[in-house]
Every structure is written in C-alpha cells, then in structure tokens.
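Please open the model in a viewer and keep the selection panel at hand.

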Amino acid sequence: MFEGLRFNHWKTSESEDGIVTLTLDRANSSVNAISRAVLDELEQIVERLAIEKPAGVVIHSAKASGFAVGADIKEFVEYAKHDTVLENIEHGQRVYEALARLPCPTVAAVHGACMGGGTELILACRQRIAVDDEKTRIALPEVMLGIHPGWGGTARLPRLIGATEALPVMLTGKALSAKRALGLGVVDRLARPDELLSEARLLLRRPATRPFARRARAWATNTWLARQILAPIVLKQTAAKVRKEHYPAPFAMIEVWKRGGSGISQRLKLEARSVAKLATTPTAQNLIRIFFLQERLKGQGAGADAQIRHVHVVGAGVMGGDIAAWAAFKGFEVTLQDREMKFIQPALDRARTLYEKKLKSADKVEAAMQRLRADVDGSGVEAADLAIEAIYENAEAKEALYATIEPQFQADEILASNTSSIPLDELRKNLAAPQRFLGLHFFNPVAQMPLVEVVRHDRLDPLIEKRALAFCKAIGKLPVAVKGTPGFLVNRILMPYLLEALRLYSEGVPGPVLDRVAKKFGMPMGPIELADTVGLDVCASVGRELAPFLGLELPPGLDDKLEAGKRGKKDGQGLYVWQDGKPQKPEVPQDYVTPPDLADRMILPMVNEAIACLADGVVDDADLLDAGVIFGTGFAPFRGGPIQYTRSEGADKLKARLEELAQRHGDRFKPKKGWDDPTLAQGGFELPASPSHST
C-alpha cells in the first residue's frame with residue numbers, strides 16, 4: 001500500500017486480513033513529540049489510506065515511554081515568534097480531521113503517557129484501547145501552558161463523553177488513569193500490556209457498543225440550550241479558582257465550547273483562532289518558559305547514579321518524618337531515628353495516611369510501610385548511603401549530632417542537612433569529611449512541594465552534588481543547586497515578603513486585605529494565611545536567623561502570639577482562628593481604604609532580594625532563580641518569576657518604585673546590589689535550555 005513512500009517517524013505494515021498498523025516512532029528522540037514533520041508524514045499516510053480503504057487501521061507507539069507526549073513545544077514557540085500559530089494549528093486540525101473521516105474503522109492503542117496532541121490524535125480515531133496499568137496517563141494539559149487544546153480536543157471530547165465530564169478534564173489538565181478513562185468513555189476497552197495490539201485488532205473487527213445513557217448524556221450536554229445554561233455556571237466556578245486577567249485560557253476555552261455549534265468545522269475554526277490569540281499573551285509565553293525551566297530542573301540529575309539505596313533520617317518531626325515517608329514511598333529503604341518511639345510513631349501514622357491516599361492498594365501500602373522502619377537506637381546510620389539530619393534549627397545541636405553519627409559512616413556515605421537557613425560553611429567546620437556534606441532543603445508539605453534546594457559550600461565535592469541531584473530526581477523532586485549563604489535562595493527571597501506583610505499587619509492593615517492584594521498580584525496564598533500555615537514559630541525562627549543578614553527586623557506582636565501558644569494552623573489559632581483546617585478570616589469594614597502602595601510593599605522586597613541573590617551567585621543563572629522561586633514559593637507563575645517580572649515591568653521602573661518606598665517607609669526598601677545588571681534590561685520571550693521537546 002505504501003510502496004515508494006519513505007517515512008522517518010512512522011512505520012507501516014499491513015496484515016493478510018487487510019489491517020494496517022501505523023507505528024509512531026519519532027526519529028532521534030526517546031519520546032513521541034508531535035512535530036510538523038510527524039504531521040506531514042501522517043498526512044501522506046492518511047491520504048493513501050483514504051484511497052486504498054483498508055479493512056481497518058491501528059495506531060500505536062514504538063516508544064517504551066508511552067504513546068505521545070504532545071505537540072513539539074519548541075516548534076510552537078517558533079510559530080508564535082513568526083506569527084504562524086494559526087496556520088500550523090489549522091494544518092494539524094486538517095490532518096486529524098482527515099484521519100477521523102477515513103472510510104474504515106480506526107483504533108488507537110495507548111500505553112504510557114498520552115498527552116495533549118497525542119490525546120487529540122486518539123480522539124480522531126473511532127475507538128481507543130489502553131493498557132490497564134498505572135503507567136497509562138491520558139490528558140489534555142494545554143491550560144498549564146496558557147493555551148487550550150487546538151487540534152480538535154475541545155471539538156471532540158465534549159461530544160464523546162459529555163460536556164460536564166469533558167470540561168473539567170480540559171480545564172484542570174489533570175491526567176486520567178486507564179480505569180478512569182474507561183469509566184468516562186475516553187477509551188472503550190482496557191488490555192494487558194502484552195495483548196494491547198491483538199486486542200486492538202479484535203476491537204476493529206468487533207467494535208465496542210457505547211452505552212445509550214452515555215450517548216444521550218453527550219448529546220444532551222452539548223445542545224445549544226445546554227451550552228447557554230452550563231457555560232455561565234462553569235465560568236463562575238472557574239473564576240472562583242483563577243483570575244481571568246492572570247490565566248485567560250480556561251475562560252477562552254469555555255467560550256469556544258459555548259459558541260461551537262453542531263458542525264465540526266465551526267468548532268475547529270473557533271478552537272484554532274482562540275489558541276492563536278492565546279499564544280500571543282504574556283501568560284502563555286511565561287507558562288511555556290516555566291515548562292522548559294521545569295524540564296531543566298528534572299534533567300539536572302540525569303546521567304548520574306545517586307548510589308543510594310538506604311536513607312537514614314534523624315529527626316521524626318513534621319519535616320524529617322515526611323521526608324522519610326516520601327523516600328520510602330519512592331522505593332528507598334528508610335530508617336527513621338528520634339529520641340523515643342513516641343516521637344516516631346506520629347510520623348509513621350502520617351506515612352500510612354499518605355500511602356493509603358496515594359497507593360490505594362492495601363498490598364502496596366504495606367510494602368511501603370515495610371520500607372519505612374523506626375530506629376530509636378540509630379543503628380541504621382552505619383548501613384545507610386545517605387543520612388539526612390532534620391532536627392531543630394540550632395547550629396550547636398546539629399554539630400553535636402554530626403559528631404555522634406559521622407564516625408559510623410562508610411567510605412562514601414553522604415551527610416545532608418535539611419536546615420532552612422543556617423549557612424553550611426558554619427555547619428561543616430568540625431566535620432571529618434566535609435566534602436561529603438551538603439544541604440537537602442525540602443519544603444513543607446513534603447508530599448506536595450516539588451522543590452528541593454541542594455545546598456553547596458566551599459568544600460563540597462562536585463561528584464557528591466551530582467549524586468544528590470540524582471537522588472532528588474529519583475524521588476520525583478525538582479532540585480536546584482544553591483549557595484550555602486543564609487536562607488539559601490527560597491527563604492532569603494520569601495522572608496522579606498513575609499516580614500513586611502507581618503509588619504503591615506502590626507500597623508493595622510487587616511489580614512484579609514493583605515491576603516487579597518497578594519492573591520490579586522498572583523500569589524497562590526496570601527502572606528498572613530501563609531505565615532499561619534507555615535507556623536509563626538517557624539517564621540520567627542527563620543526570621544531571627546536571616547533578619548541581621550537581610551537588614552530587617554522582626555515585626556512587633558509576633559512574640560506575644562508565640563508566648564500565648566498561638567503558632568497558627570497547627571494550634572488552631574495564630575493571626576487567624578482556624579477551624580477544620582481552614583482560616584476563619586474576619587470581615588473587613590466596608591469603609592476601609594486599602595493603602596495604594598500595599599502590593600509594592602510586599603512584592604518588591606522579594607524582587608529586590610532576588611536581584612541581590614543573582615548578584616551574589618546564589619544560583620548559577622537567572623533562569624534557575626526564577627524556577628526555584630516559582631516552585632519553592634509559588635510566585636505568580638504567569639509572571640514568569642521575579643527576574644522575568646523585572647524584565648517585563650522594566651528594571652528602571654521597579655528600582656524607582658523601591659527608592660520611593662525607601663523614602664516613605666525606611667531603608668529596608670533601598671535597592672540592593674545587582675540592579676545595574678544589563679541582562680535585566682532584556683525584553684521579550686527567551687526560551688530556556690531544556691532536554692525536552694514537548695508538552
């Protein structure tokens with residue numbers, strides 16, 4: 001059938017019974033990212049299939065990693081630069097629509113990751129079958145890049161499974177497991193890995209019948225009247241979670257669905273134009289940049305062997321216990337040490353709760369619990385490859401602990417501290433092997449926060465740093481290497497923000513006002529709620545450590561709260577009263593006038609310190625700084641990080657605003673060194689280096 005045609009990215013074969021198998025195998029890549037070249041070849045193949053009319057077509061992937069990871073985002077960036085997004089979106093739509101119109105049955109056979117443009121490819125097939133295991137993940141995550149599905153996703157998924165089920169899938173971008181995809185009707189059948197292709201061919205010959213109730217729901221939720229009724233409801237629900245001016249893509253996608261009629265051509269036209277418009281927004285450009293920054297962090301541990309099998313954690317408090325639980329969850333043997341069993345047991349209980357939530361299966365939960373062992377005597381130190389100290393923030397106590405456990409180490413064991421602020425040059429001074437000592441600073445809650453600061457010092461062996469980066473990769477975290485100065489990167493930048501917010505609170509600005517202004521800027525949580533969540537005791541401890549270095553002071557009133565036992569969320573009282581894990585924020589008087597410089601007073605100290613960190617070489621470059629602050633603090637992702645924000649707003653303009661604040665409110669706002677860095681004047685979108693090519 002395909003004589004005379006040669007393909008770089010597709011393999012074709014035809015069986016005796018007339019079934020054609022198309023195997024996606026992008027050349028020179030470990031994953032299938034759908035590029036223009038991949039689509040061009042598929043276009044040729046589909047044209048031939050339309051003429052030859054085979055008995056059926058099966059599409060699957062040759063990559064072990066999965067079906068397809070989505071569109072080639074580097075190409076998409078180039079389209080945006082050259083204003084050809086619409087043309088290329090429409091091209092992809094034409095190819096997929098030609099596939100959908102083939103006069104023969106088509107089945108997509110899915111294993112592993114099936115994302116974005118890959119999911120839109122399988123939606124263009126008549127039916128879908130997926131491997132029934134935990135590696136199967138099907139998603140349309142384009143909203144995370146500031147756009148929405150553009151190769152027919154918004155046009156086809158609501159008609160397939162119903163709008164009430166499809167819209168949440170596209171609005172959140174969350175991946176569906178194989179069983180969830182089957183339950184929703186995204187796939188028609190599940191198969192064992194070794195039977196995927198044979199079951200796909202069987203599905204061609206005996207198509208699955210879609211239940212009447214599902215077909216009726218899909219039709220009913222997509223009528224003109226249903227769209228006019230449902231769209232405002234979904235818009236309101238979306239607006240309660242994100243602001244339209246910050247993240248326009250979800251709102252644009254709802255509008256596309258609302259306006260899309262019964263004809264596929266109209267729905268595709270609306271979809272393409274919407275994506276092309278979104279591609280020009282700063283939000284999309286910054287979120288795409290963050291995607292590549294994330295891929296860069298993921299790649300930092302690549303190519304190195306952590307040589308770590310057994311992890312020993314000293315300190316079973318919230319941080320130490322949760323670090324131990326997470327390492328065991330990720331497959332490591334873990335021993336957890338504290339003074340008495342009564343201090344370890346709560347950590348084991350929290351671990352079980354985490355495993356039950358994550359693993360579902362009782363057997364898997366018990367297997368994880370078997371990997372996490374209480375170790376009151378500390379006998380696990382000797383056999384461990386990595387020992388993590390996670391005791392309270394006191395340099396003398398940490399040094400005393402090191403003197404006890406370091407003599408038990410084997411030849412190449414790594415010692416790491418989870419200190420959040422103490423300089424490592426100070427902590428390493430009495431060690432026998434300082435070259436194997438570093439910081440692994442996790443963030444609370446460990447299971448949710450993606451970042452780990454890998455903290456350097458002047459005697460660190462570069463090979464040990466590589467092993468630590470590889471360990472972070474192995475436990476699914478994003479590592480960023482930082483200089484071991486006070487506060488490292490994240491806390492050094494976060495504390496000026498928190499301390500200024502607490503100062504404003506002490507000046508009488510209501511907490512809900514401070515939180516609202518910060519969230520309006522784009523922070524995921526307001527500073528007063530954040531301080532209570534972290535714990536006022538932790539804020540005070542880190543604040544005391546960093547305040548002299550940062551030239552700041554602890555705001556009044558904090559010690560009074562601590563003396564009264566009001567540390568925040570964990571005590572049920574702090575700056576707010578907490579009930580059922582939620583802050584009860586007081587009503588703000590209607591006549592309260594918000595000070596006009598409130599946002600600048602909170603946000604610009606972060607930016608000021610970020611510039612100083614860059615000048616001090618706390619991280620290797622500006623991209624890593626932005627990545628660390630975004631993944632460590634949640635700094636408004638759509639703004640691209642503090643350095644990108646400085647470039648987009650204008651360094652001179654922000655520096656002038658800091659100088660005005662210094663005149664009105666004190667020297668703590670004076671611009672720090674680094675504002676004359678010429679790279680801060682760069683404008684426009686710059687694509688970070690990344691090992692990845694796709695969504």
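Predicted model: local features only at pLDDT ≥ 70, side-chain atom pairs only at ≥ 80, totals over all residues.

Residues are numbered from 1 along each chain as its sequence is written, and side-chain values use heavy atoms, with hydrogens and water left out.

**First stop: Asn 32**

Select Asn 32, in the loop between strand 2 (19-24) and strand 3 (33-34). Helices (H or I, at least four residues) and strands (E, at least two) are DSSP runs, numbered from the N terminus. Asn 32 is buried, at a relative accessible area of 1%; buried means under 20%, exposed over 50%, and partly exposed in between (1.4 Å probe, protein chains only). Its side chain reaches the backbone nitrogen of Arg 26 at 2.9 Å. The side chain of Asn 32 also makes a polar contact of 2.9 Å with the side chain of Ser 61. A polar contact is a pair of N or O atoms within 3.5 Å; within protein, one must be able to donate a hydrogen and the other to accept it, and residues adjacent in sequence count only if both atoms are side-chain atoms.

**Second stop: Asp 17**

Move to Asp 17, in the loop between strand 1 (10-14) and strand 2. Asp 17 is partly exposed, with a relative accessible area of 43%. Display its side chain together with those of Ser 15, at a polar contact of 2.2 Å, and Arg 205, at 3.4 Å.

Which residues have the most contacts inside the largest nonpolar core? They are Leu 489, Tyr 497 and Leu 625, in a core of 90 residues. A separate second core has 76 residues, among them Leu 39, Tyr 96, Val 187 and Ala 231. A nonpolar core is a set of buried Ala, Val, Leu, Ile, Met, Phe, Trp, Tyr and Cys residues joined through side-chain atoms within 4.5 Å.

Select Trp 224, Leu 225, Ile 229 and Ile 233, a nonpolar surface patch with about 450 Å² of accessible area together. Such a patch joins nonpolar side chains (Val, Leu, Ile, Met, Phe, Trp, Tyr) within 5 Å, from residues with over 30% relative accessible area and no salt bridge; areas come from the Shrake-Rupley method with a 1.4 Å probe. Ile 233 belongs to helix 10 (residues 224-239) and is partly exposed at 43% relative accessibility.

The structure holds 44 salt bridges, each a side-chain nitrogen of Lys or Arg within 4 Å of a carboxyl oxygen of Asp or Glu. Select Arg 289 and Asp 623, which form one of 2.9 Å, N to O. Arg 289 lies in helix 13 (residues 282-299) and Asp 623 in helix 26 (residues 622-633), so the pair ties together parts 334 residues apart in sequence. Are these two residues buried or exposed? Both Arg 289 and Asp 623 are buried.

Next, select Glu 507 and Arg 601, whose side chains form a salt bridge of 3.2 Å, N to O. Glu 507 is partly exposed at 47%, whereas Arg 601 is buried at 4%.

Finally, select Lys 673 and Asp 616, a salt bridge whose closest N and O atoms are 2.6 Å apart. Lys 673 is exposed, with a relative accessible area of 53%.

Conventions: Patch = residues over 30% accessible without salt bridge, like charges linked within 9 Å, V, L, I, M, F, W, Y side chains within 5 Å.
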